[in-house]
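Biologist: Could you take a close look at a single part of this protein with me? I am new to this, so please go step by step.

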Amino acid sequence: MAISVFDLFSIGIGPSSSHTVGPMRAAHTFAEGLAAEDLLPNTARVKAELFGSLGATGFGHGSDKAVLLGLSGERPESVDTASVAGRVERMRAEKRLNLLGQHEIRFAEDGDLVMHRRRSLPAHPNGMTFRAFDAEGTLLRERTYYSVGGGFVRDESYAEEVDSADRAAAPIVEDATPVPYPFRTGAELLAHCAATGLPVSRIMLSNELSWRSEEEVRAGLLEIWQVMVECVHNGCANGGVLPGGLKVPRRAKSLHHKLLDEDGAGDALYAMDWVSLYALAVNEENASGGRVVTAPTNGAAGIIPAVLHYYQRFIRDADDDGVITFMLTAGALGVILKETGSISGAEVGCQGEVGSACAMAAAGLTEVLGGSPAQVENAAEIGVEHHLGLTCDPVGGLVQIPCIERNAVGASKAIHAARMAMRGDGSHIVTLDKAIKTMRETGADMKVKYKETSRGGLAVNVIEC
């Protein structure tokens, strides 16, 4: 199985890749299946059940809205984010849902959309089951899906492939495209670099050419970069209070004005204030349900854009070629993290989200600064190692506290990791593969209440008001 950089960086909608993007894709896939099997005209009712972390924090993450939109035919990469609130409000008021925009049915959320707060499916914490019935109540179609992190969705076959002793053995994507340099681990990636003399980015590019031309890769990555730029711009332009009840004030706009009024002279850490701004801007947009790039998740979507903006603004001779190199390198590390670790907060805690994004950003920055493959691997390892054990405990089930600030800190860590790696020769005692293995094992040992359920940590020690 092969993972593309475009699987890891996808244009979507906030606030969560696993809880918003994944359910929307799953619901859309189920509705498309009804149409493909010519069952749409006979469908009178659809029932959706969300389990585990999806059920526990789904309302705060917009999973309910995502299911409604997905069944209606919307995709996360193309849905008009500005129209979401109004459309969902109408569906709820009218208790009607237009499947794929082609067939209208009655849909009453109190019975047709069930959020199981304390029930889970065995294969993954983010499980969903969809059922369609005719007017007589006869079951027409039933499917179970798993949102396995980063917006990736698997069907029932995933449960069959999961070995309870080694969940990492189950493939995340079902793409058997042969690539010239297959790798799942850091050791395998470094071996390819050593054998060919190619940097990490060129190994990843060579694999990408198995799906599309170099011109298409370049154009696609620059399009994703442009969405990141627009997300930062929107985050800096929008003020007010974030939705969801916590009344968290948006800070990026005022911070942006303050930084514009300063010249940074005499402040050695002035650049880091900009890095914090970029991350805050992205994650405030994400928390508002805006257009973001899953990188590799939405909960950690601000880290890679923040470090890329740092590269563009503060590194001499930065250009589009460097942006592409950065993203290819980060993508290569994302493949390893997704294949052998996890990027799902519901599975391993926030070490899998912010920790993975930090490692990817550190690797990308190291290569564009001239680092060797060994230094790239070292930077990524630092990023993983120093997020080990990080819990996912969103207050109120919202991707706001501590998620937004956590991205700003994670972006700063990525820059420090890259600088530390660049000062060394790439040799280090703890390998990336050992750090990722530790992350997965730590996630397995972590209590469920610390894995995106909002039943532990800050989520129970901060009063919602």
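Modeller: Happy to! Let's start with Arg92, which is partly exposed, with a relative accessible area of 33%. Please keep in mind that this is a predicted model.

How accessible is Asp64, buried or exposed? Its relative accessibility is 5%, and buried means under 20%, so Asp64 counts as buried.

The other is Glu109, whose side chain forms a salt bridge with that of Arg92 at 2.4 Å, N to O. Because Glu109 belongs to helix H6 and Arg92 to helix H5, the pair ties together parts that are 17 residues apart in sequence. Glu109 has 21% relative accessibility, so it counts as partly exposed.

Now follow helix H6, which spans residues 109-112, along to Asp112. The side chain of Asp112 meets that of Arg45 in a salt bridge of 2.7 Å, N to O. Arg45 lies in strand E2 (residues 45-50), so here the tie joins parts 67 residues apart in sequence. Asp112 is buried, at 7% relative accessibility, whereas Arg45 is partly exposed at 33%.

By the rule used here, the count of salt bridges comes to 19.

Let's step back to the setting. The domain assignment gives domain 1 (19-147) and domain 2 (186-464), and their C-alpha centres are 30 Å apart. Their contact draws on 17 residues from domain 1 and 18 residues from domain 2. Together the two domains bury about 1100 Å² between them, with 49% of that on carbon and sulfur atoms.

How many salt bridges cross the interface of domain 1 and domain 2? The rule finds zero there. On the side of domain 1 that touches domain 2, helix H2 (17-36) and helix H3 (52-61) each supply at least two residues. H3 gives the largest share of that side, five residues. By type, the residues on this side of domain 1 are five nonpolar, nine polar and three charged.

Conventions. Residues are numbered from 1 along each chain as its sequence is written. This is a predicted model: local features need pLDDT of at least 70, side-chain atom pairs count only at pLDDT 80 or more; totals for chains, interfaces and linings use all residues. Side-chain values use heavy atoms; hydrogens and water are left out. Domain bounds come from an automatic or database domain assignment. Contact means heavy atoms within 4.5 Å. Buried area is the accessible area (1.4 Å probe) that two parts lose on being put together, summed over both. A salt bridge is a side-chain nitrogen of Lys or Arg within 4 Å of a carboxyl oxygen of Asp or Glu. Helices (H or I, at least four residues) and strands (E, at least two) are DSSP runs, numbered from the N terminus. Ala, Val, Leu, Ile, Met, Phe, Trp, Tyr, Cys and Pro count as nonpolar, Asp, Glu, Lys and Arg as charged, and the others, Gly among them, as polar. Buried means under 20% relative accessible area, exposed over 50%, partly exposed in between (1.4 Å probe, protein chains only).
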